[in-house]
Amino acid sequence: MHPNWLRARPLPLWLTLGLACLSTACPGLRAQEAASDGSEAPLAISGPTPERNDDPVYAPALRTEHPDRVFWGDTHLHTRLSMDAYTFGTALGPEEAYRFAKGETVMATHGQPTRLEQPLDFLVVADHADGLGAMLALEAGDPTLLANAKLREWREILRSPDRAVRRALEGTQTARDNPKELDAERVRGPAWRALARLADAHYAPGRFTPLVGYEFTGQRGGQNLHRVVIYRDGAERAGDHLPLSPAPSGDPRRLWADLARYERETGGRVLAIPHNGNLSNGILFPLAETEFGDAMDEHYVRARARWEPVYEVTQIKGDGETHPYLSEDDAFADYETWDVGDFAGVPKEKAMLAGEYARSGLRRGLELEARFGTNPYRFGMIGSTDSHTGLATADEDNFFGKHSADMEPSPTRWKDAVGGRGEFVIPGWMMASSGYAAVWARDNTREEIWDALARREVYATTGPRIRVRFFGGWDYAAADAAASDLAAVGYAGGVPMGGVLPARSKGAPRFLVAAAKDARSAHLDRVQIVKGWIDADGRTHERVHDVAWSQPGMRKPGPDRVVPPVPSTVDVERARYTQNHGAAQLAVVWTDPDFDPKAAAFYYVRVLEIPTPRWTTYDQRVLGATLGERVPRVTQERAYSSPIWYQPESG
C-alpha cells in the first residue's frame, strides 16, 4: 500500500492530558461535581466576571479585524448519492465522506483502509442535482421509479454482480434522454433534505464546517457547463429549496434565476462555482455569444459577475490555469493538460482553447468590461477534487482516483479506461491528484468560509498546503516582505487577493507576496506574478514574471527575465526526492516595470514547488505497475492565488 493510506499517530500531549483529567488525577473537577449536602461546599472553579474594559491592550488573540487564518477544504466531492458515482460502484455515502474529511479511518469501496494525514477544515458534498439519490431509491423499489420500464431494466443491471454489465449505465448522469421520473420531487426531495440535515449534524463551528451544496450538471450537448452551488445557510433554509435539475436546459442563466429566487424567498445566501472549462470545447468563457448562442449582453455579464465569484481552476480532470498554445512564452503552462475533447467525444480544436482556461478567461473579462462596463470573469481561484469516491484526498501518495470502478489502487489502473466517448478514451494516468481550496478567514464557520469565497479571498493548490499571501498597494517598501506582521502591513497598505486596486495618478502598483512551503511537502522553487492587461486598441496581453526564487546566487534570470529551472532530485525507481534545492519560504515586494496607468489589468501569483514524484510513480514503486512510455512520472505541484485587478479612472 502507499505510505499515506493508513497512518497511525500518537495522541498529542494536550489531548492526553485532557483525557487524564477525566480520572481521579484532577481533584478540582471532582470537587465541583461533589454532592452539596451542607457538609462540604463545592469548589468554585470560575471567578467573578470582570467588567469589560475596551481600552487598547496588547492582546494578539483578539485582533481579528482582518482574516488571519487559512482553512483548507474540498468544495466538490461526490458520494453514492450521485447517479454516476453509484453506477461506478461507489459504496461510500456522505457520512463516510465527512468522517474521512475529519481525519477518521474509513474503508474505501474495495476494502482498502484509508485516512488523510491531515484532516480538512471544510467540505462540500456536491452530489449531482439530477437524479439525486435516485439509484438508492430504485434499488429500494420506489414505486415512482419502477413505474418506468427503462428504470426497471436499470434496476436489474444495478443488481448484477458482473461489473462489465454494470458499466452499461456509466455515463447516464449526463444523458439528456433519461427518464423524467429521476427528477421527481418525491424521489430527490427526501435525499436532498437528508443530505442537508447530515451537513448540519457534522457542523462543529471552529473545528469542522460542512457547507450545504450540490452540482448543477449543465451542458450543451457534450460541452461541460457544470457548476457547484454552495449555500451560506443550513438545512432549515437550504433543505427546503430543491436543487435545480439541468433538465430541460443546462443554460447557466436558468441556474442564476433559481439562485435569485432562493435568496428572494428565503433571505438566504448562495453562490455558484463553474469548473472543467477544459471539457467545454470553448464555451465556458464566452466572448461574442453566450453558451447557448444568444448575443452577449449587459444582463448576462452582470448576472455572471453577481453569482459566480470563484472558478475551480484545478481538479482531478486536469489543470485549467492555462495551455501552452495560449501561453507560448510560459515554461510552466503545460501542466496536467486535458485538451482531447468534450464529454460527447467531439475532438478539441485549437480555436476552442481560449474559451476554456482561467488565464484566457481573465483576459476575456477585460474585453467584456471595456464593452459593457462589467467584468463577468472577475473570479477568484480555488482547487477541489471532483472525486466520485467519497474520499476528498489530493495527495500524490494517497490517490484514489476519479471513481471506484477502476481507479482504486491496482497495478493496472494507470491504463484502465475511466471515461471517453466518440473518437477517444481517457486512460487512468491522465487523472491528476488535485486539488484543494484555501480560504483566508477569521474562524472556521459557514459564514466565514462562504464570505471568503464571495469576496474572492481564496486560492487554489494542486494538493500541497502551501501558504500564500498576496496584497496590492502603492506604498509597500522592500522591507515589508520581511515584516513579522506581514498580513497587517498588507491590509493596512492595500487590498488582498481577490480585491480591486483603485487608480492613482502617479507611480506603479507594488505587490507584497509571501509563500511558505507545506511542512509535509517539498521546498518551493519560485514565486511568479502573472499579469494580463488590455491595450488602447482593445487587445489583451499577458506576461509571467519571476519575482522570487530559491538559491538566487546560483540562478540568474536570462535575457528573457526567466529564471532557469531548478534541478530535479526525483528518484523515479524508488519514488523519492531530496530537499537539496528550493526554499522553505519566499517573500518579496515587486513593482510592475511595465505599468500603464490607463490600462486595466489583473495580477495573480503562481507558486511552484521543486519536482516531486507523481502518483503514477508511487504506483510503480509500491504496486509494481509497469507504466507506459507516455505516462508522466514527475510533477511540479503549485498554487494559484486569486487575482488583484487594477481599475483605471474612467474617461
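First, some ground rules. This is a predicted model, where local features need pLDDT of at least 70 and side-chain atom pairs count only at pLDDT 80 or more, while totals for chains, interfaces and linings use all residues. Residues are numbered from 1 along each chain as its sequence is written, and side-chain values use heavy atoms, with hydrogens and water left out.

Let's start with the whole chain. It has 16 helices and 29 strands; these are DSSP runs numbered from the N terminus, with helices being H or I of at least four residues and strands being E of at least two. Of the 651 residues, 58% are buried. Buried means under 20% relative accessible area, exposed means over 50%, and partly exposed is in between, using a 1.4 Å probe and protein chains only. Taking contacts between residues at least 6 apart in sequence, 74% join residues at least 24 apart, where contact means heavy atoms within 4.5 Å.

How do helix α11 and helix α12 cross? The axes of α11, residues 252-266, and α12, residues 298-307, come within 10 Å and cross at roughly 60°. Axes here are lines fitted to C-alpha atoms, for helices over the stretch in contact, and angles run from 0 to 180 degrees between N-to-C directions. The two helices are therefore oblique to each other: under 35 degrees counts as roughly parallel, over 145 as roughly antiparallel, 65 to 115 as roughly perpendicular, and the rest as oblique. From α11, the contact uses Arg-253, Trp-256, Leu-259, Ala-260 and Glu-263, and from α12 it uses Tyr-300, Ala-303, Arg-304, Arg-306 and Trp-307. By class, that contact has six nonpolar, no polar and four charged residues. For the classes, Ala, Val, Leu, Ile, Met, Phe, Trp, Tyr, Cys and Pro are nonpolar, Asp, Glu, Lys and Arg are charged, and the others, Gly among them, are polar.

On to the second pair. Helix α4, residues 94-101, and helix α9, residues 185-202, have axes that come within 10 Å and cross at roughly 25°, so these two are roughly parallel. Here Pro-94, Glu-95, Tyr-98 and Arg-99 of α4 meet Leu-195, Leu-198, Ala-199 and His-202 of α9. This contact has five nonpolar, one polar and two charged residues.

Next, salt bridges. Side chains of opposite charge can pair when their charged atoms come close. We count a salt bridge when a side-chain nitrogen of Lys or Arg is within 4 Å of a carboxyl oxygen of Asp or Glu, and the structure holds 46 of them.

Arg-253 sits in α11 and Asp-294 in the loop between β10 (270-274) and α12, 41 residues apart. Arg-253 is partly exposed at 25% relative accessibility, and Asp-294 is partly exposed at 37%.

Glu-336 is buried, with a relative accessible area of 16%, and Arg-614 is buried at 1%.

Finally, Arg-526 forms a salt bridge with Asp-546, with the closest N and O atoms 3.3 Å apart, and both residues are buried.
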